[in-house]
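Please read the points below beside the sequence and the model.

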Amino acid sequence: METATCIAKSSQLVSRTQNIHIFKNVTSRSEAHQELNAFRRKQDTALVIQGNSLEVCLEYYEHELMELIALAPAVVACRCSPEQKAAVVRLLERHTGKIAAAIGDGGNDVSMIQAASVGIGIVGKEGKQASLASDFSLSQFSHIGRLLLVHGRNSYKRSASLSQFVIHRGLIITTMQAVFSAVFYFSSVSLYQGFLMVGYATVYTMLPVFSLVLDR
(Lines give C-alpha, C1' and ligand atoms only; values in the text may rest on other atoms or scores of the structure.)
Protein backbone atom coordinates (compact mmCIF):
# COMPACT_ATOMS: atom_id res chain seq x y z
CA MET A 1 0.00 0.00 0.00
CA GLU A 2 2.79 2.42 0.88
CA THR A 3 4.64 1.59 -2.33
CA ALA A 4 1.52 2.23 -4.41
CA THR A 5 0.93 5.55 -2.64
CA CYS A 6 4.52 6.67 -3.17
CA ILE A 7 4.45 5.76 -6.87
CA ALA A 8 1.17 7.63 -7.33
CA LYS A 9 2.70 10.76 -5.80
CA SER A 10 6.01 10.50 -7.67
CA SER A 11 4.20 10.07 -11.01
CA GLN A 12 2.00 13.08 -10.12
CA LEU A 13 -1.14 11.00 -10.39
CA VAL A 14 -1.89 12.26 -6.89
CA SER A 15 -0.64 15.64 -5.73
CA ARG A 16 1.43 15.71 -2.57
CA THR A 17 -1.11 17.91 -0.80
CA GLN A 18 -4.15 15.86 -1.86
CA ASN A 19 -5.99 13.68 0.63
CA ILE A 20 -5.78 9.92 0.14
CA HIS A 21 -8.36 7.44 1.39
CA ILE A 22 -6.86 3.98 1.95
CA PHE A 23 -9.62 1.41 1.54
CA LYS A 24 -9.49 -1.03 4.42
CA ASN A 25 -9.20 -4.77 3.84
CA VAL A 26 -12.81 -5.96 3.69
CA THR A 27 -14.07 -9.54 3.55
CA SER A 28 -17.86 -9.19 3.84
CA ARG A 29 -20.68 -7.22 2.28
CA SER A 30 -21.32 -5.10 5.38
CA GLU A 31 -17.68 -4.08 5.68
CA ALA A 32 -17.57 -3.12 2.01
CA HIS A 33 -20.74 -1.06 2.43
CA GLN A 34 -19.24 0.83 5.38
CA GLU A 35 -16.02 1.60 3.54
CA LEU A 36 -17.86 2.81 0.44
CA ASN A 37 -19.98 5.12 2.56
CA ALA A 38 -16.88 6.42 4.33
CA PHE A 39 -15.24 7.25 1.00
CA ARG A 40 -18.45 8.77 -0.38
CA ARG A 41 -18.50 11.39 2.42
CA LYS A 42 -15.05 12.67 1.41
CA GLN A 43 -14.50 15.21 -1.34
CA ASP A 44 -11.49 15.65 -3.64
CA THR A 45 -9.87 12.54 -2.21
CA ALA A 46 -7.89 9.89 -4.06
CA LEU A 47 -8.64 6.23 -3.44
CA VAL A 48 -6.18 3.41 -2.80
CA ILE A 49 -7.67 -0.08 -2.80
CA GLN A 50 -6.23 -3.60 -2.71
CA GLY A 51 -7.16 -6.45 -4.99
CA ASN A 52 -9.02 -8.55 -2.40
CA SER A 53 -11.13 -5.58 -1.28
CA LEU A 54 -11.77 -4.70 -4.91
CA GLU A 55 -13.07 -8.19 -5.58
CA VAL A 56 -15.54 -8.00 -2.69
CA CYS A 57 -16.82 -4.58 -3.78
CA LEU A 58 -17.26 -5.70 -7.39
CA GLU A 59 -19.20 -8.73 -6.23
CA TYR A 60 -21.75 -6.86 -4.12
CA TYR A 61 -21.55 -3.14 -5.07
CA GLU A 62 -20.30 -3.02 -8.63
CA HIS A 63 -22.43 -0.05 -9.76
CA GLU A 64 -21.79 2.01 -6.60
CA LEU A 65 -18.05 1.41 -6.80
CA MET A 66 -17.89 2.43 -10.46
CA GLU A 67 -19.77 5.65 -9.70
CA LEU A 68 -17.33 6.56 -6.95
CA ILE A 69 -14.34 5.67 -9.10
CA ALA A 70 -15.63 7.85 -11.94
CA LEU A 71 -16.04 10.82 -9.58
CA ALA A 72 -12.70 10.39 -7.78
CA PRO A 73 -9.75 12.52 -8.94
CA ALA A 74 -7.47 9.45 -8.90
CA VAL A 75 -7.76 5.76 -8.06
CA VAL A 76 -4.87 3.40 -7.31
CA ALA A 77 -5.55 -0.35 -7.31
CA CYS A 78 -2.66 -2.44 -6.01
CA ARG A 79 -2.02 -6.17 -5.63
CA CYS A 80 -4.50 -7.03 -8.36
CA SER A 81 -4.55 -10.13 -10.50
CA PRO A 82 -4.48 -9.88 -14.31
CA GLU A 83 -8.17 -10.82 -14.44
CA GLN A 84 -9.06 -8.04 -11.99
CA LYS A 85 -7.16 -5.46 -14.05
CA ALA A 86 -8.99 -6.47 -17.21
CA ALA A 87 -12.34 -6.49 -15.38
CA VAL A 88 -11.80 -2.94 -14.07
CA VAL A 89 -11.03 -1.66 -17.58
CA ARG A 90 -14.12 -3.28 -19.06
CA LEU A 91 -16.34 -1.99 -16.25
CA LEU A 92 -15.02 1.55 -16.61
CA GLU A 93 -15.76 1.59 -20.32
CA ARG A 94 -19.21 0.12 -19.80
CA HIS A 95 -20.29 2.39 -16.93
CA THR A 96 -18.79 5.65 -18.23
CA GLY A 97 -19.28 5.07 -21.95
CA LYS A 98 -15.79 6.41 -22.63
CA ILE A 99 -12.68 4.97 -24.24
CA ALA A 100 -10.09 3.56 -21.82
CA ALA A 101 -6.34 3.35 -22.40
CA ALA A 102 -4.38 0.68 -20.53
CA ILE A 103 -0.63 1.04 -19.99
CA GLY A 104 1.55 -1.85 -18.85
CA ASP A 105 5.10 -3.14 -18.93
CA GLY A 106 4.85 -6.79 -17.82
CA GLY A 107 3.24 -10.09 -18.64
CA ASN A 108 0.61 -9.62 -15.93
CA ASP A 109 -0.65 -6.51 -17.78
CA VAL A 110 -1.42 -8.32 -21.05
CA SER A 111 -5.05 -9.05 -20.14
CA MET A 112 -5.64 -5.42 -19.16
CA ILE A 113 -4.01 -4.12 -22.36
CA GLN A 114 -6.09 -6.40 -24.56
CA ALA A 115 -9.32 -5.54 -22.73
CA ALA A 116 -8.87 -1.77 -23.22
CA SER A 117 -9.83 0.12 -26.36
CA VAL A 118 -6.26 1.43 -26.59
CA GLY A 119 -3.40 -0.68 -25.28
CA ILE A 120 0.04 0.82 -24.68
CA GLY A 121 2.98 -1.45 -23.89
CA ILE A 122 6.30 -0.30 -22.46
CA VAL A 123 9.44 -2.27 -23.19
CA GLY A 124 11.26 -2.72 -19.88
CA LYS A 125 13.11 -5.13 -17.67
CA GLU A 126 10.09 -7.42 -17.44
CA GLY A 127 10.28 -8.34 -21.11
CA LYS A 128 8.31 -7.54 -24.24
CA GLN A 129 5.08 -9.44 -23.56
CA ALA A 130 3.11 -6.26 -22.88
CA SER A 131 4.69 -4.52 -25.86
CA LEU A 132 3.82 -7.34 -28.26
CA ALA A 133 0.19 -7.47 -27.07
CA SER A 134 -0.39 -3.71 -27.25
CA ASP A 135 -1.55 -1.32 -29.95
CA PHE A 136 1.35 1.06 -29.35
CA SER A 137 4.81 0.18 -28.05
CA LEU A 138 7.01 2.67 -26.21
CA SER A 139 10.49 2.48 -24.76
CA GLN A 140 9.90 4.98 -21.96
CA PHE A 141 6.93 5.98 -19.84
CA SER A 142 7.70 9.65 -20.47
CA HIS A 143 6.79 9.22 -24.16
CA ILE A 144 3.11 8.68 -23.33
CA GLY A 145 2.37 12.40 -23.16
CA ARG A 146 3.70 12.94 -26.68
CA LEU A 147 1.83 9.87 -27.95
CA LEU A 148 -1.52 11.09 -26.62
CA LEU A 149 -1.25 14.87 -27.03
CA VAL A 150 0.75 15.14 -30.26
CA HIS A 151 0.46 11.99 -32.36
CA GLY A 152 -3.00 11.14 -31.08
CA ARG A 153 -4.37 14.60 -31.81
CA ASN A 154 -2.80 14.69 -35.27
CA SER A 155 -4.23 11.26 -36.07
CA TYR A 156 -7.68 12.43 -34.98
CA LYS A 157 -7.45 15.54 -37.16
CA ARG A 158 -6.30 13.53 -40.19
CA SER A 159 -9.11 11.02 -39.77
CA ALA A 160 -11.68 13.80 -39.45
CA SER A 161 -10.35 15.63 -42.53
CA LEU A 162 -10.26 12.44 -44.56
CA SER A 163 -13.85 11.59 -43.60
CA GLN A 164 -15.04 15.06 -44.60
CA PHE A 165 -13.20 14.82 -47.91
CA VAL A 166 -14.75 11.45 -48.78
CA ILE A 167 -18.24 12.71 -47.88
CA HIS A 168 -17.90 15.88 -49.96
CA ARG A 169 -16.38 13.97 -52.88
CA GLY A 170 -19.36 11.67 -53.01
CA LEU A 171 -21.78 14.56 -52.46
CA ILE A 172 -20.48 16.45 -55.50
CA ILE A 173 -20.95 13.62 -57.98
CA THR A 174 -24.30 12.66 -56.43
CA THR A 175 -25.65 16.21 -56.71
CA MET A 176 -24.59 16.45 -60.34
CA GLN A 177 -26.25 13.13 -61.15
CA ALA A 178 -29.45 14.18 -59.34
CA VAL A 179 -29.68 17.48 -61.26
CA PHE A 180 -29.00 15.70 -64.54
CA SER A 181 -31.74 13.15 -63.88
CA ALA A 182 -34.22 15.88 -62.90
CA VAL A 183 -33.59 17.86 -66.11
CA PHE A 184 -34.09 14.80 -68.32
CA TYR A 185 -37.28 13.64 -66.62
CA PHE A 186 -35.57 11.18 -64.26
CA SER A 187 -34.39 8.90 -67.00
CA SER A 188 -32.08 6.07 -66.07
CA VAL A 189 -29.09 7.55 -67.89
CA SER A 190 -25.75 8.02 -66.18
CA LEU A 191 -24.08 11.42 -66.42
CA TYR A 192 -20.62 9.87 -66.79
CA GLN A 193 -19.37 6.60 -68.16
CA GLY A 194 -18.45 3.79 -65.77
CA PHE A 195 -14.67 4.16 -66.14
CA LEU A 196 -14.93 7.90 -65.39
CA MET A 197 -16.85 7.18 -62.18
CA VAL A 198 -14.26 4.64 -61.10
CA GLY A 199 -11.44 7.02 -61.94
CA TYR A 200 -13.13 9.86 -60.05
CA ALA A 201 -13.23 7.77 -56.88
CA THR A 202 -9.63 6.51 -57.26
CA VAL A 203 -7.06 8.02 -59.62
CA TYR A 204 -8.43 11.54 -60.16
CA THR A 205 -8.88 12.32 -56.45
CA MET A 206 -6.05 10.37 -54.88
CA LEU A 207 -3.68 13.31 -54.37
CA PRO A 208 -5.78 15.00 -51.65
CA VAL A 209 -6.07 11.64 -49.85
CA PHE A 210 -2.30 11.13 -49.83
CA SER A 211 -1.72 14.72 -48.77
CA LEU A 212 -3.99 14.21 -45.75
CA VAL A 213 -2.57 10.83 -44.78
CA LEU A 214 1.09 11.80 -45.20
CA ASP A 215 0.73 15.20 -43.55
CA ARG A 216 3.36 15.55 -40.80
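Helices (H or I, at least four residues) and strands (E, at least two) are taken here as DSSP runs, numbered from the N terminus. The model is a predicted one, in which local features need pLDDT of at least 70 and side-chain atom pairs count only at pLDDT 80 or more, while totals for chains, interfaces and linings use all residues. Residues are numbered from 1 along each chain as its sequence is written, and side-chain values use heavy atoms, with hydrogens and water left out.

1. Overall form. The protein holds 10 helices and six strands. Its radius of gyration is 26 Å, well over the 17 Å that the globule rule gives for 216 residues, so the protein is more spread out than a compact globule; the radius is taken over C-alpha atoms, and the rule is 2.2 Å times the number of residues to the power 0.38. The C-alpha trace spans about 80 × 40 × 30 Å along the principal axes.

2. Of the 216 residues, 31% are buried, where buried means under 20% relative accessible area, exposed over 50%, and partly exposed in between (1.4 Å probe, protein chains only). Among contacts with a separation of 6 or more, 52% are between residues 24 or more positions apart, a contact being heavy atoms within 4.5 Å. The accessible surface comes to about 14,300 Å², and 58% of it belongs to carbon and sulfur atoms; these areas come from the Shrake-Rupley method with a 1.4 Å probe, and for residues only the protein chains shown count as cover.

3. Charge. There are 20 positive and 16 negative side chains, and the centres of the two sets lie 9 Å apart. Lys and Arg count as positive and Asp and Glu as negative, whereas His and the chain ends are not counted; the place of a charge is NZ of Lys, CZ of Arg, CG of Asp or CD of Glu.

4. How many of the residues of strand β2 (residues 45–50) are buried? Six of its six residues are, which leaves the strand mostly covered: T45, L47 and I49 point one way, A46, V48 and Q50 point the other way, and all are buried. Strand β1 (residues 19–22) pairs with β2 in the parallel sense over four bridges, two strands being paired if DSSP finds at least two bridges between them, and I22 stands opposite V48 in β2. Four bridges also join β2 to β3, again in parallel, with C78 in β3 as the bridge partner of Q50.

5. Strands with one covered face. In a regular strand the side chains alternate between the two faces of the sheet. β3 has a covered face, V76 and C78, and an uncovered one, V75 and A77. β4 runs parallel to strand β5 (residues 118–122), joined to it by four bridges, and A102 has G119 in β5 as its bridge partner.

6. Helix α3. In helix α3 (residues 51–60) the buried residues are G51, S53, L54, V56, C57 and L58. Their cover includes α2 (29–40), β2, α4 (62–71), β3 and α5.

7. L92, in helix α5 (residues 82–96), is partly exposed at a relative accessible area of 26%. Leaving aside residues up to four places away in sequence, L92 touches M66, I69 and G97; L92 and E67, 25 residues apart in sequence, are 9.3 Å apart in space, C-alpha to C-alpha. K157, in helix α8, counts as partly exposed at 42% relative accessibility, and K157 and L212 are 9.4 Å apart, C-alpha to C-alpha, at a sequence distance of 55 residues.

8. Positive phi angles to check. Most residues other than glycine have a negative phi. R79, which is not a glycine, has a positive phi of about 55°; R79 lies in the loop between β3 (75–78) and α5 and is exposed, with a relative accessible area of 63%. Y185, likewise not a glycine, has a positive phi of about 60°; Y185 lies in the loop between α8 (144–183) and α9 (194–201) and is exposed, with a relative accessible area of 75%.
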